[in-house]
Amino acid sequence: MSCAALLGLRGPRLLGAAARPPRWSRRRSAGCEPPAGAAVRIGCASGFWGDTATAVPQLLYGGKLDFLVFDYLSEITMSLLTAAKARSPVLGYTPDFVSTAMAPYIKDIHRKGVRVISNAGGINPLACAAALQEVAKKADVDLKIAVVAGDDLMSEKENLKGAGITDLESGKQFPENIHSMNIYLGARPISRALDLGADIVVTGRCVDSGIVLGPLIHSFGWNRDDYDLLAAGSLAGHLIECGAQCTGGIFTDWHTVPDWHNIGFPIVECSSEGDFILSKPPDTGGLISFGTVAEQLVYELGNPQRYLLPDVTCDFSQVSITEIPGFDGGAVKVCGAKGLPPSTFYKVNATYLDGFRATAVCPVGGPKAVQKAKRTAEGILQRTRLIFSQLGYEDYSAVNIQVLGSEDTYGPHARRSIDGGPREAVIWLAVHHKQREAVEIFSKEIAPAGTGMAPGLTGIVGGRPKVSPVLKPFFFYYPKNNVQINLFLNGQHVEILEEDLTFTSDEVVSFDLPKISSELKDLPSGPHTYRLEDLAYTRSGDKGNSANIGVIARHPLYYPYLKKTLTAQALENYFQHLLEHEKPEEDLVTRYELPGIHGLNFVLKNSLGGGGIASLRSDPQGKALGQMLLDFQIKNVPDLKSLIE
């Protein structure tokens, strides 16, 4: 899912003489009225590779859709697909899209005239389209299947090695052993494929929100300098690209969300003026409310005033979300996104091989389970290090011991149990080594702990640990005018898209971080203490080795107290046990404000142990950080609940 938002990209100039779709009025509506007239309905049936198979039928038969979109790719997924294509040239795309999402429903998709856009092409979009053509042929339906290609930069590998490129996050030099390089393309190639009559558009790597913005550009004819409209369309894509995450999935108030087994997937109904309503099909589970959608707005967000995308630089800081009564399962209207010109660069996600890893997960039962788990893990490491020294191998590059159930991830905030702690725990023992052979030794030495170490070791989850290559991410910018994007239709090359940099800008717009105002300093104090969960919603996500945590006030009157208490330094102190300092006195937490939703967004640098596949932690994507913050205490405040009664 992943969900890939921190992009410095923009769409290309489109060549060819195909007629533009008709222009709709661009007059801004007064206030934030629901879409009227020529609205476009787009449903998202997948937020990641492996999402539920129930999404397609509920959206197809109950969503009254114009477009059905699927988002499958994340940085981790790209690493997995790269490894798959290395095994076979016909692999490298997400096969679930073809076999599970499309094959059972392709006749009805064709009959209803629903057009499909998906980034399921991964590393190999042409192979994905070919497999889809076979499905269409067997179903005896005539579909125009387009492919957007050009995101793969591997042909430029040798040229880039000496170009002085450094990683955007760490500043490290361009790696020697690059495994893959893919550009985050934008929405314009998708809209052009739809202009050419495509029923299905398959892309490789593109920005996630582009699969929604593309059909909106096609439908409404938005121009390259319609920055506010492009930002609004990107916001619609950002909110629904992760599927059920905006319809009640992973919501802070999870206990209020009904019928998880039948959770509804999101639909946006967008007007040509940029405002949109977010809802879900009738008779489905889940919940759409201010809280569920506001949480998704801050998911995997950096600076909300400078959200860099291929087609537009977005400002989401003043976005408003308003609940609409009378909708089955809830609905909200969303407006207020603003846009600026995009840059002249694309963002590139490269991966490189950096050794091998394995993870052992072993339940332990009985008294003093935590102590037994820790000693078992330490014993396995001691034994394998002894073998390494006998065979002449180096030590591990990294190890991570966690005992799930003991609150290890909470660090100093863990609640210590009495009477010897829990009687059930789970060993999480992960290792990294430069040589595969060394990790294979580790893998073989887990099972002997079941007979030669602590009592109560009940097994190894998944059997002997699998040895896997570590593909680390490397991000950099690449000039748009060096990129050639190719469109294919039913297997035939039909068009080359070249860049038009007329409406781009690399001017750095400065955004001063808000200071604590005098009104916050003068806020009334009191004897009360609240857990953050009493006052706010939270959601966290990842981008490389950084995490973000969004905090949204449950009521506007709580917001000043959150701003005063939840400073960047306060969060850095709270998560100090997870942050890795590369330089002394380095500030690793930055705070941004979203007054439109009474929210704060914190970016935690170097907080994920490398992030993704490179991380040895049990939470490599920071999914639980927002949950951990719910116990943060807001102290010395008045009776805040009385303010809203």
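**Overall dimensions and local features of the predicted model**

The protein has a radius of gyration of 25 Å, which agrees with the value near 26 Å that a compact globule of 645 residues would have (taken over C-alpha atoms, the globule rule being 2.2 Å times the number of residues to the power 0.38). The model is predicted, so that local features need pLDDT of at least 70 and side-chain atom pairs count only at pLDDT 80 or more, whereas totals for chains, interfaces and linings use all residues. Residues are numbered from 1 along each chain as its sequence is written, and side-chain values use heavy atoms, with hydrogens and water left out.

Along the principal axes, the C-alpha atoms fill a box of roughly 75 × 65 × 50 Å. The protein contains 18 helices and 25 strands (DSSP runs, H or I of at least four residues and E of at least two, numbered from the N terminus), and 56% of its 645 residues are buried (under 20% relative accessible area with a 1.4 Å probe and protein chains only; exposed is over 50%, and partly exposed lies in between).

In helix α3, which spans residues 95-102, the buried residues are Phe97, Val98, Ala101 and Met102. These residues cover an arc of only 120 degrees around the axis, which puts them on the same side of α3 (the arc being that of the directions from the helix axis to the C-beta atoms).

Most residues other than glycine have a negative phi.
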